[in-house]
Amino acid sequence: STHTPLVDTSEEEVDEPCFDPCTCDVKEGVLHVHCDGRSFTNVSQVSHSWVRPFKLNLQRNSLRRLYSNGFLHLGNAVSINLGNNALQDIRVGAFHGLAKLRRLYLHENKLEVFRNDTFAGLEALEYLQADYNVIKRIDSGALRFLYKLRVLILNDNLIPVLPAHLFRSVSLTHLDLRGNRLKSLAYAGTLEYVGRSLMELQLEENPWNCGCEVVQLQQWLGQIPYTAVVGDVTCEYPFHLHGKDLREIPRKELCADLPGKELQAEAGAPSAGSQPQHVPQNTKPRVRPTKPSSMVHGSHQNTHISSTSSSSSSAERRDRERHPRPTKRPRPSRISPTPRSSNQNPPVAGYQTRPPIPIICPIGCTCNLHITDLGLTVNCKESGFLNVSQLMPRPLNGRKLYLSGNLIQRIYRADFWNFSSLDLLHLGNNRISYLQEGAFSSLTSLRSLYLNGNNLERLSPHMFLGLQNLRYLYFEYNEIREVDPGTFDSMPSLQLLFLNAKPVRSLPLGVFSEVNLARLNLRNNHFLQIPVAGVLEHLTGLVQVDLQQNPWECNCDAAPLKRWLEGLSAVVVMGEVVCHSPEKTKGTDLRGVSMELLCPELEPQEDQEQEEKAATSTATERAVSVGYPGSGLGSVIPPGKDSIPLSVLVLSLLVLFVSAFFAAAALIAYALRRRDKLPFRRQGEVDLAGIQMECGIFTEQRPPGDAPSAAAGAQPREAALKGPGLAAVPHMCSNPIYKEEQEAAPTQQTEAG
């Protein structure tokens, strides 16, 4: 047979042919077969087989399905790329014969499910990439054959839940679950198998439900090295925790009903398939020697952080490795995985997602680099810092800075001189009582600011200068008693504001006039009343508002608030706005209190009329304000005060428009009726109407007894006075055409008589 020449970039001679229409080359002694974009519809169309190890690229073809035994003739493949094929189904046994395959790419397809036998035959697989599919279900045994799997990429799918024991047979170093629909992860059956060799975990962009069911995940995240988690684990629900990082939330806020001991027991309880001697997480385990594999992974980790952070991370990893694992028992039904020794571990560097570059990290902190934007997450939590200026050396391109749980009391303008690229700043649970004017003015890119759990007593506009891009602001658990007018004016992009759990008693007029809040939390304050006019009326874009646990005083002054709440959708208002006083309304939701009981001073008849007007105008105003009340609902019309409700004004304009329409119709009808009464309506005579009218004038001027001769005798005199043009008019009128009409008129009058 004729051998196709190859482009050999190595020193080794290769004499294997390529396959038409594909192209081939050799890199580092491995044959690369490029069959991308060749319109293949079946793997069997690649009919050639190669003796030496090779990588097969089948991207951008039309492989809708993978059939059983389709790769049998490609047994020496070490890597197969099936991305961008609109692949919808993988039949059982599709990968039989690929015992040497180490990498499989299934990204950007239309796969919906991974079944128990989907990956049968891939015992040597180390890398599996299946991002940007529409995966909705993964069976618990989908990975049971992948004993050597180290990297699993499943981001940007539709996965709602991970089944129990999915990771029991694998020992992952990298796991990417971003952009799915995960709400929680249980320790038993899932997390207990994940952290054995984990180096990188990504959980961003999932709708995490931060309740009791997520406590196990929080505990587990606190036990693995902080640098292993890339990005935030941001809560979506419930409302009062929306936008917060799960790792920063106190345990009692996640699940106040569950005692601490029970939480720890739940997190450390062994699963059904675990060994009974598993030690719970809250007990002190036996000291065990560090495994060689952990030392290897630690060395990889140390290439990405500073010397200080490296030692901290290594210490955490060694502590983590001392915990006995429930999955260390051998499985007799399968071949044991690759021995966990330094010389036999799979090469992590080939799919390491963090670049091996040095990182400048402050002393006492740990740092993590994000490969997507090269931004740095700096974790300085609970490090005993007294002020921000102690952060030395200053990191480059910091994106997230966590300083919670320190002893910081004052924030100065110069504290963040080298943090202009910050996206998140967490200063929660410190002792901050003073913010210098323009303290955050250099943080023009900041979007999330946490100041919860501090000693701030007053909020004023000069504190937040420069935060034009800020979206999320958290102030809960402070000592704030006063909010100055214009405090939030310098933050036009603000969408979420938490002012809960503090002794705030009032809000100034116009405090929300320059922001368009979507979520507002005023829970657990000391509000007796909140004015609608000048305060709540500016909140026209609310998605959620929480006014619970305030001592609301339900009297006549609360009538505008009642009407404002009634104008909001039921899903917008969180919980109930319970009256605290007077005694007759105590314990009742303000929206359920009748206006007569709320304010007896109002006449019952007037109250009824106002309720009818409000009901009539609600439909009209919703069309304008998308379901949110306008200023027309913000006040109650006192007796004797002249004011025109919006509903009356709209009704008046409608009546005026209808009246004008009918008046115009009447005028048109009258004009048409007059036109029908005019003579000379026959077609062909319309153009002669003017001449006939002239003839009628001359006929009326002639006396009844005069002879035609008299008229003829007067003709010269008339012609002399009026000129030759008019002199011919009587002559024209004597024409039979016109005389016929003139004679017909007396006849019609006689018949009418």
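Disulfides first. A search of the whole structure, which is a predicted model, finds 8 of them.

Cysteine 18 is joined to cysteine 24, with the sulfurs 1.9 Å apart. Both of these cysteines are buried. The torsion about their S-S bond is about 80°, so this disulfide is right-handed.

Next, cysteine 210 and cysteine 235. They form a disulfide with an S to S distance of 1.9 Å. Here the torsion is about -90°, so the bond is left-handed. Cysteine 210 sits in the loop between β15 and α2, while cysteine 235 is in strand β17, so the pair ties together parts that are 25 residues apart in sequence.

The torsion is about 85°, so the disulfide is right-handed. Are its two ends buried or exposed? Cysteine 255 counts as buried, at 4% relative accessibility. Cysteine 212, at 34%, counts as partly exposed, because the cut-off for buried is under 20%.

Last item, helix α7, residues 559–566. How much of α7 is buried? The count is 7 of its 8 residues, so the helix is largely enclosed by the rest of the structure. The buried residues include Lys562 and Arg563, as well as Trp564 and Leu565. Ala559, Pro560 and Leu561 are buried too.

Notes:
Residues numbered from 1 in each chain as written. Predicted model: local features only at pLDDT ≥ 70, side-chain atom pairs only at ≥ 80, totals over all residues. Heavy atoms only, no water. Buried < 20%, exposed > 50% of the residue type's maximum accessible area, 1.4 Å probe, protein only. Helix = DSSP H or I, 4+ residues; strand = E, 2+ residues; numbered from the N terminus. Disulfide = S-S within 2.5 Å.
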